[in-house]
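Here is a short report for a reader new to this structure. Keep the sequence and the 3D view at hand while reading.

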Amino acid sequence: MSPVELRAPGRWQIGTVTEIRRETPHVKSLRIELPMWMPHLPGQHYDVRLTAPDGYRAQRSYSVASSPLDEGEIELTIDRLDEGEVSPYFHDVVEEGDQVELRGPFASYFVWRGEEPVVLVGGGSGVVPLMAILRHRRLTMPVLPMRLVYSVRSNEDVIYADELRDDALLTFTREPPDGWTGRTGRIDGSLIAAASMPGATAFVCGSNGFVEAASRLLLDAGIGPQRIRTERFGPTG
Ligand SMILES: Cc1cc2nc3c(=O)[nH]c(=O)nc-3n(C[C@H](O)[C@H](O)[C@H](O)COP(=O)(O)OP(=O)(O)OC[C@H]3O[C@@H](n4cnc5c(N)ncnc54)[C@H](O)[C@@H]3O)c2cc1C
């Protein structure tokens with residue numbers, strides 16, 4: 001990986017949505033062109049801000065899913081929370097060509113700077129920043145040992161399904177696809193052991209409960225706390 005310096009995040013800017021892709025019934029990915037684009041580190045996020053006609057503002061964070069080699073644009077992948085203030089807007093209102101206000105990239109801790117080997121552990125939309133890491137590794141250092149453990153409810157909830165290869169270990173917590181012979185149920189010690197590698201650095205992302213449980217399993221597998229980086233997306237899920 002060409003080293004990417006960590007800099008101060010950019011100012012608020014208006015990006016243009018160039019492409020919207022449906023990933024699952026509840027998740028969409030948006031490619032956004034940025035006039036003041038700067039390379040992010042895989043794992044970092046942007047803040048997005050919506051302003052209502054009366055001036056009311058709502059702001060949320062979304063991880064970058066794309067590699068920093070995708071110059072001039074970023075990809076955000078957004079899970080629609082039915083009762084949410086911001087995420088439904090990106091599903092129900094935003095169209096290709098629309099403009100959105102955002103600022104970033106942020107975070108200096110949950111970032112991959114080329115450490116190896118790497119174990120990525122994601123639950124649901126927690127796979128988003130992990131995909132940035134996986135994509136960047138595939139583009140820059142494809143032989144670097146990296147494995148993804150990905151927990152999803154059912155086949156229709158798999159985000160980035162076309163990009164999951166033999167470096168990804170999936171487990172279905174509710175409804176596995178017909179004929180599935182792989183893992184089912186919550187991530188457990190045996191799944192972590194199957195993905196773990198000596199000296200690995202681990203990146204864990206998902207809901208609070210998921211991150212707690214997965215981190216404990218990684219500690220039990222002998223990965224030291226200083227090698228476990230976590231990102232929490234929300235209260236439940
Ligand atoms: C660093 C960071 C990166 C993030 N990256 C992503 C990303 O890449 N993709 C993505 O979809 N989300 C991501 N999130 C979560 C995102 O910021 C919002 O919290 C989420 O979209 C909900 O916002 P909302 O306005 O739609 O819902 P809100 O109006 O904030 O919440 C509606 C209801 O849902 C609950 N809730 C809030 N967040 C969640 C959650 N994550 N899961 C379940 N219930 C929740 C609230 O408690 C509330 O009851 C990230 C969060 C952080 C902190």
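## Rings, a sheet and a buried charge

Phe110 and Phe203 are both buried, a word used for under 20% relative accessible area, with exposed over 50% and partly exposed in between (1.4 Å probe, protein chains only). The model is predicted: local features need pLDDT of at least 70, side-chain atom pairs count only at pLDDT 80 or more, and totals for chains, interfaces and linings use all residues. Residues are numbered from 1 along each chain as its sequence is written, and side-chain values use heavy atoms, leaving out hydrogens and water.

**Aromatic pairs**

The structure holds four aromatic pairs. Rings of Phe, Tyr and Trp (its six-membered ring) pair if their centres lie within 6.5 Å; planes under 30 degrees apart are stacked, over 60 edge-to-face, the rest tilted. Two of the pairs are tabulated here.

| Pair | Centre to centre | Angle between planes | Type |
|---|---|---|---|
| Tyr89 and Phe90 | 5.7 Å | 85 degrees | edge-to-face |
| Phe110 and Phe203 | 5.5 Å | 85 degrees | edge-to-face |

Phe110 lies in the loop between strand 6 (99–106) and strand 7 (118–123), and Phe203 in strand 11 (residues 201–206), so their pair ties together parts 93 residues apart in sequence. Strands (E, at least two residues) are DSSP runs, numbered from the N terminus.

Tyr89 has 33% relative accessibility, so it counts as partly exposed. Phe90 has 1%, so it counts as buried. Ring pairs also link Tyr62, Tyr89 and Phe90 into a cluster.

**Charges over rings**

Arg49 lies over the face of Trp12, 4.1 Å from the ring centre. Arg135 lies over the face of Tyr160, at 4.9 Å. Such a charge has NZ of Lys or CZ of Arg within 6 Å of the ring centre and within 35 degrees of the ring normal.

Six strands form an open sheet in the order 10-9-8-7-11-12, with parallel pairing. Strand 10 (183–184) and strand 12 stand at the edges with a single partner strand each, so one side of each lacks a neighbour in the sheet. Strands pair if DSSP finds at least two bridges between them. Strand 7 and strand 11 pair in the parallel sense over five bridges. Val118 stands opposite Thr201 in strand 11.

**A buried Glu**

Glu231 is found in strand 12 (residues 228–232). Glu231 is buried yet has no salt bridge (a side-chain nitrogen of Lys or Arg within 4 Å of a carboxyl oxygen of Asp or Glu). The nearest side chain of opposite charge, Arg232, is 7.9 Å away. Lys and Arg count as positive, Asp and Glu as negative; His and the chain ends are not counted. Beyond four places in sequence, Glu231 touches residues including His45, Phe110 and Val211, with contact meaning heavy atoms within 4.5 Å.

Terms used:
Helix = DSSP H or I, 4+ residues; strand = E, 2+ residues; numbered from the N terminus.
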